[in-house]
Amino acid sequence: MKAPNILFITSDQQHWRALGRNNPELQTPHLDRLASEGIYCERAYCPNPTCTPSRASLLTGQYPSRHGAWSLGTKLPESAPTIGQYLQELGYDASLIGKAHFQPLVSTPEFPSLESYPLLRDLDYWRNFHGPFYGFNHVELARNHADESHVGQHYALWMEEKGLKNWRDHFQNSWGGGFDFSEGRPNPPQTHVWSLPEEFHYNNWITERSVERMNHCRGDGQPFFLWASYFDPHPPYLVPDPWASMYDPSCIAVPAAVPGEHDGNPPHIRKTQEKHPDFSYLQETKYTNHGCQSHLHDPDALARDIAVYYGMTSMMDHYIGKLLKGLDEAGLADNTLVVFTSDHGHFFGQHGLIAKGPFLYEDEVRVPLIAKWPGHIPAGRTTASLISLIDLPATFLRAAGSELPTLMQGIDQMPVWSGVTSAVRDHVLIENRHQPTAIHQKSYVDSRYKLTLYYNQDYGEMFDLREDPGEIHNLWNDPKFGNLKSALVKKLVFAQMGCEPLWMPRVSGA
């Protein structure tokens with residue numbers, strides 16, 4: 001069998017229901033069509049609900065506790081074996097275009113980072129750097145979401161090449177980390193409608209450069225692994241018109257907490273519903289814990305944010321449609337495995353929460369996932385089989401005809417996608433750790449239940465996802481479910497023990 005191309009498309013912080021097929025308020029015709037041409041996975045989960053750990057897992061097929069990038073502000077070790085490296089060994093061109101975020105915004109002598117200030121604004125450096133980078137022989141990178149000051153790298157070079165010499169005017173020019181690019185021109189954050197013309201948006205950059213890379217590989221006759229890594233709909237809620245005005249806030253349902261739902265929940269969740277909460281008891285380092293602040297919000301303002309979040313999603317869908325069209329026009333679609341997913345989910349009012357944090361509800365840990373491969377994945381199917389994002393590298397390698405490395409913790413999902421079997425997993429694990437010990441969670445999820453443990457804490461969460469899909473009723477302290485809790489705790493321990501990889505077989509008695 002000819003080695004298939006692999007087109008891996010990711011969004012950033014996309015709620016699993018933020019697809020037209022799952023939400024009638026939202027329009028994503030191209031992703032909906034992709035789902036109709038392949039398989040839609042209803043129960044796909046991230047291994048960690050923040051960017052760096054989850055993205056590092058997409059590279060390595062390992063949980064964050066194994067690959068080492070355990071939190072935002074950490075890095076994946078450059079020595080980590082990655083899917084790009086494995087596929088290059090099989091003769092693939094391995095490219096990443098868009099967001100990486102495998103490293104922090106700050107570089108130290110002990111832990112240097114290419115994705116850090118001030119290097120990311122050193123355009124002469126990026127003009128001459130395209131890899132190697134974490135197993136990719138070709139990269140074109142950016143770091144910013146919308147108008148964040150983290151803009152630079154290959155994206156800034158592309159804007160200049162396209163004629164936007166004053167691109168700095170459309171981005172913030174200072175960051176709280178002490179770097180200031182103002183040059184006497186203060187650029188405050190923009191709200192909702194981005195001044196950047198659409199033709200210079202990073203959606204267009206990622207799409208254009210990805211199509212060019214596919215055509216380059218076609219010309220060389222080389223199979224490709226291409227990760228087209230989009231930045232949206234991650235906040236800030238900002239997008240050019242007409243996308244910013246595409247949805248009417250008055251016509252959007254605004255989720256909210258159910259009165260009393262947090263009464264029996266862990267204290268850090270309850271505190272989010274206070275006006276001036278004190279989270280100092282969780283602060284072990286000088287770095288903030290994402291999400292540990294008041295989440296109280298004005299419903300009308302939130303409706304406007306959701307409308308822009310939807311607009312960002314629809315714009316991204318539009319450019320993903322152009323990417324898929326480029327694949328078709330290159331004559332490569334029939335021999336290409338296309339997979340779309342997101343690195344983690346997003347709150348926009350569910351449970352009274354906003355964005356992300358140490359709250360392992362379905363809204364934050366469940367992600368959309370679509371796979372298409374003509375002749376291998378029957379079209380128009382939907383599966384409720386469990387899948388973890390750590391399974392994707394294993395699935396890519398098996399699709400390429402390779403055996404799996406012993407260090408990978410993921411499972412090949414192709415038997416499910418192809419219809420050979422209904423499931424290859426009976427559970428997924430989710431990790432989250434913002435501080436070394438104070439915020440350290442682990443969740444076990446099976447076909448019906450979710451259990452979340454907190455390191456060195458007596459409190460926890462347990463939900464019956466069949467009877468309570470909204471996760472309103474925490475059963476942790478209910479004595480009627482004591483036996484169930486004990487059984488699920490044992491399953492979590494067994495699951496943790498069962499996924500420990502052994503880097504080599506035993507070759508001797510001693």
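Asn456 is exposed, with a relative accessible area of 64%. In this predicted model, Asn456 also has a positive phi, near 60°, in a residue other than glycine. Asn456 is found in the loop between strand E16 (449-454) and E17.

**Backbone geometry**

- Most residues other than glycine have a negative phi, and most peptide bonds are trans.
- Ala146, which is not a glycine, has a positive phi of about 50°.
- The loop that holds Ala146 runs between strand E4 (138-142) and helix H6 (153-161).
- Ala146 has a relative accessibility of 0% and therefore counts as buried, the cut-off being under 20%.
- Asp232 and Pro233 are joined by a cis peptide bond, with omega about 5°.
- Pro233 is placed in the loop between strand E6 (224-229) and strand E7 (238-239).
- A cis peptide bond also joins Pro235 and Pro236, where omega is about 10°.
- Pro236 lies in the loop between E6 and E7.

**Gly460 in strand E17**

- Strand E17 (residues 460-464) includes Gly460.
- Gly460 counts as buried because its relative accessibility is 1%.
- Not counting residues up to four places away in sequence, Gly460 touches Pro266, Thr452, Tyr454, Asn474 and Trp476.
- Lys442 is 18 residues from Gly460 in sequence, and their C-alpha atoms are 10.0 Å apart in space.

- Strand E8 (residues 336-342) is largely enclosed by the rest of the structure, because seven of its seven residues are buried.
- In a regular strand the side chains alternate between the two faces of the sheet.
- On one side of E8, Thr336, Val338, Phe340 and Ser342 are buried; on the other, Leu337, Val339 and Thr341 are buried.
- Strand E1 (residues 5-11) runs parallel to E8 and is joined to it by seven bridges.
- In this pairing, Asn5 stands opposite Thr336 in E8.
- Strand E12 (residues 369-372) pairs with E8 in the antiparallel sense, over four bridges.
- Phe340 stands opposite Ile370 in E12.

**Nonpolar cores**

- In soluble globular proteins, nonpolar side chains tend to be buried together.
- The largest nonpolar core has 110 residues, and Leu7, Tyr155, Met159, Phe225, Leu392 and Trp417 have the most contacts inside it.
- Helix H7 (residues 202-220) supplies the largest share of this core, six residues.
- Apart from this core lies another, of 18 residues, including Tyr237, Ile252, Met315 and Tyr319.
- Leaving aside neighbours within four places in sequence, the contacts of Leu7 include Thr336, Leu337, Val338 and Val339, and also Met214 and Phe224.

**Pockets**

- Rolling a probe the size of a water molecule over the atoms shows where empty space is left.
- The largest pocket holds about 1,400 Å³ of space.
- It is lined by 41 residues, of which Leu72, Gly73, His101, Leu105 and His290 are the closest to its centre.
- The lining of the largest pocket comprises 16 nonpolar, 19 polar and six charged residues.
- The second largest pocket holds about 270 Å³ of space.
- Among the 19 residues lining the second largest pocket, His351, Asp363, Pro469, Gly470 and Glu471 are the closest to its centre.
- Strand E2 (39-45) and helix H10 (362-365) are the elements that give two or more residues to this second lining.
- By class, the lining of the second largest pocket has seven charged, four polar and eight nonpolar residues.

Conventions
Residues numbered from 1 in each chain as written. Predicted model: local features only at pLDDT ≥ 70, side-chain atom pairs only at ≥ 80, totals over all residues. Heavy atoms only, no water. Core = buried A, V, L, I, M, F, W, Y, C linked by side-chain atoms within 4.5 Å. Buried < 20%, exposed > 50% of the residue type's maximum accessible area, 1.4 Å probe, protein only. Contact = heavy atoms within 4.5 Å. 1 Å grid on protein atoms, 1.4 Å probe; cavity = no way out; pocket = protein on both sides within 12 Å on 5 of 7 lines; lining within 4 Å. Points joined across faces, edges and corners; volume = space filled by probe spheres on them. Nonpolar A, V, L, I, M, F, W, Y, C, P; charged D, E, K, R; others polar. Pairing = 2+ DSSP bridges.
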